[in-house]
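Here are a few exercises to work through with the model open beside you. Try each task before you read its solution.

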Amino acid sequence: MSGLRSVSIFNKIAIRIFPNFIPLKKIATALISVFYKDGIDTVVELLKAQGVQIYSTGGTYDYIHKLDPTVKTVESLTTYPSILGGRVKTLHPKVFGGILGRTQLESDRAEMAQYGIPAFDLVVVDLYPFEETVASTDDQSAIIEKIDIGGISLIRAGAKNFNEVLIVPSREHYGELIHLLETQNGETSLEDRKRFAGYAFAVSSHYDTAISRWFCPDTELRYGENPHQKGYFRGNLDALFEKLHGKELSYNNLLDLEAGLSLIREFDDPTFAILKHNNPCGIASRPTVKEAYLAALAGDPVSAFGGVLVCNRPVDMAAAEEINKLFVEVIVAPGYEPGVLDLLFSKKNRIILRLKEDLYDRVMVKSVLNGYLVEDRDLHTETPDDFKVVTEKAPTAAEIDDMVFANKVVKHSRSNAITLAKNGQLCASGIGQTSRVDALRQAIEKAHSFGFDLHGAVLASDAFFPFDDCVKLAHEAGITAIVQPGGSVRDQDSIERCNEFNISMVFTGYRHFKH
């Protein structure tokens, strides 16, 4: 039918002979609707030279008509004028039928012929500048009017039907379009169209996200990681916590809460953790909350000052009386027994949170360079069944319990990390070191500075030992059991050294880097 996309006889034959052949399709009809006219001149001149029939609207039509008098108005196609102050121009079946029509289907071709719908091979859009408007004014009516409806609909329709249509979703992509028009004589391949469809959905996603953020703005924090940086939270904290008392949460508070809650969810027994700079400086499991808190505090009473406290049980009065002796930034627990809050509220800035439920995403996102890294959350937690004894001496039942405990803690410590534990208590950790042996030295020195006897303690490492130097240091400190992933080409050196010093060691096969 007249106006439908033409596929050459050669292409039709090639498709039958070679199923993977991607045909080049000639652009015959184009729809152009752009806010900014910059750069559209070259596109129009090339389309005009290649005999392409252009349809356009409003100010875009007026601009193009000076370059190509053959341009047609969308109104001439739809027989409806632009209405409601320009809010409705292209939202019409004859426009969207021409974009979404599947000309390879006989039924679509028949309907398009019946209703006089021309097939569009090219759609060029540049959306209303919503983000620029938000940045330049607080006038709500002006901002609302810059929410593009027709343009975003054209983009999504063209992208959906990339098998038939080349969609150019913003002026940022004019250069690539011009290159195609100049080098391929107005023909586009399926690969081209699919690539541009990807651009289109990226533009659509970004645009809708900007609008969503305006209607549901990010929570502005007191500041970012440092006072000279701005900070925002994007999410729904109310779904996770009930804030009971204290000042507003800071950027760093939220980082510590993320680290602390990720850690505490590993434990079933009553456990208390104290976080500082996203690392546990103290954690212990005990029969009561008070005992767990005091044991966690003993792990590093210096770093605990100004820390974030996380507990997996309701806080009782016995524990609260001890907690109230220390300056802490945040306390979070699943509940608080009667009278506890009255005591904890005595410090007006202390933030008290009640944890509602575990809402963690299974993926983690981090901005890097000019994009994002996305990975699965590390949800694997080793059990004794994962432990492979590789030394002559097997660990005792008590050592196995401590290795499970220490391994959970090292998993949530910044790499390179070593944790030392004994009797369900973190004795010390070495964290964020560039070498594993330095992390161990740090842990041993710290444990000794707080009076811990490491004889009979266990060591957990977030990654394998590259050399046997860590085993030697562990032996000198009195450590009797080691848990680590294994996997080094020098594993045997560490195993032999453990056997020499009568240390038991198990491999888990799982590394837990955290950066």
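pLDDT is the predictor's confidence in each residue, from 0 to 100. You'll need that here, as this is a predicted model.

**Exercise 1. Find out what pLDDT the chain averages, and where pLDDT stays under 50.**

Step 1: Start with the whole chain. Its average pLDDT is 90, and 95% of the residues score at least 70.

Step 2: Over residues 1–7 the pLDDT stays under 50, and the model has 24 contacts beyond four places in sequence for them.

Step 3: Decide how to treat such a stretch.

**Exercise 2. Work out the strand order of the open six-stranded sheet, and which strands sit at its edges.**

Step 1: Trace the order, which goes β10-β15-β14-β13-β11-β12, with mixed pairing.

Step 2: Look for strands that pair on one side only: these are β10 (241–245) and β12 (279–285), the edge strands.

Step 3: Zoom in on β10. Four bridges join β10 to β15 (residues 351–355), and the two run antiparallel. Glu 242 stands opposite Arg 354 of β15.

Step 4: See what lies across the sheet's strands. Helix α13 (residues 289–299) lies across β11 (271–276), β12 and β13 (307–311), at about 35 degrees to β11.

**Exercise 3. Are α17 and α18 roughly parallel or roughly antiparallel?**

Step 1: Recall that a packed helix pair is described by the angle between the axes and the distance between them.

Step 2: Get both values. Helix α17 (residues 436–449) packs against helix α18 (residues 469–477) at about 10 degrees, with the axes 9 Å apart.

Step 3: Angles under 35 degrees count as roughly parallel, so α17 is roughly parallel to α18.

Step 4: List who meets whom. From α17 come Arg 436, Val 437, Leu 440, Arg 441 and Ile 444; they meet Asp 469, Cys 470, Leu 473, Ala 474 and Ala 477 of α18.

Step 5: Sort these residues: seven are nonpolar, none polar and three charged.

**Exercise 4. Describe how α9 and α11 cross.**

Step 1: The axes of α9 (residues 150–160) and α11 (residues 190–215) come within 9 Å and cross at roughly 145 degrees.

Step 2: Pick out contact residues, including Ile 152 and Ile 155 of α9, and Phe 201 and Tyr 207 of α11.

Step 3: Sort the whole contact, which gives eight nonpolar residues, one polar and three charged.

Key
Residues are numbered from 1 along each chain as its sequence is written. This is a predicted model: local features need pLDDT of at least 70, side-chain atom pairs count only at pLDDT 80 or more; totals for chains, interfaces and linings use all residues. Side-chain values use heavy atoms; hydrogens and water are left out. Two strands pair if DSSP finds at least two bridges between them. Contact means heavy atoms within 4.5 Å. Axes are lines fitted to C-alpha atoms, for helices over the stretch in contact, and angles run from 0 to 180 degrees between N-to-C directions. Angles under 35 degrees count as roughly parallel, over 145 as roughly antiparallel, 65 to 115 as roughly perpendicular and the rest as oblique. Ala, Val, Leu, Ile, Met, Phe, Trp, Tyr, Cys and Pro count as nonpolar, Asp, Glu, Lys and Arg as charged, and the others, Gly among them, as polar.
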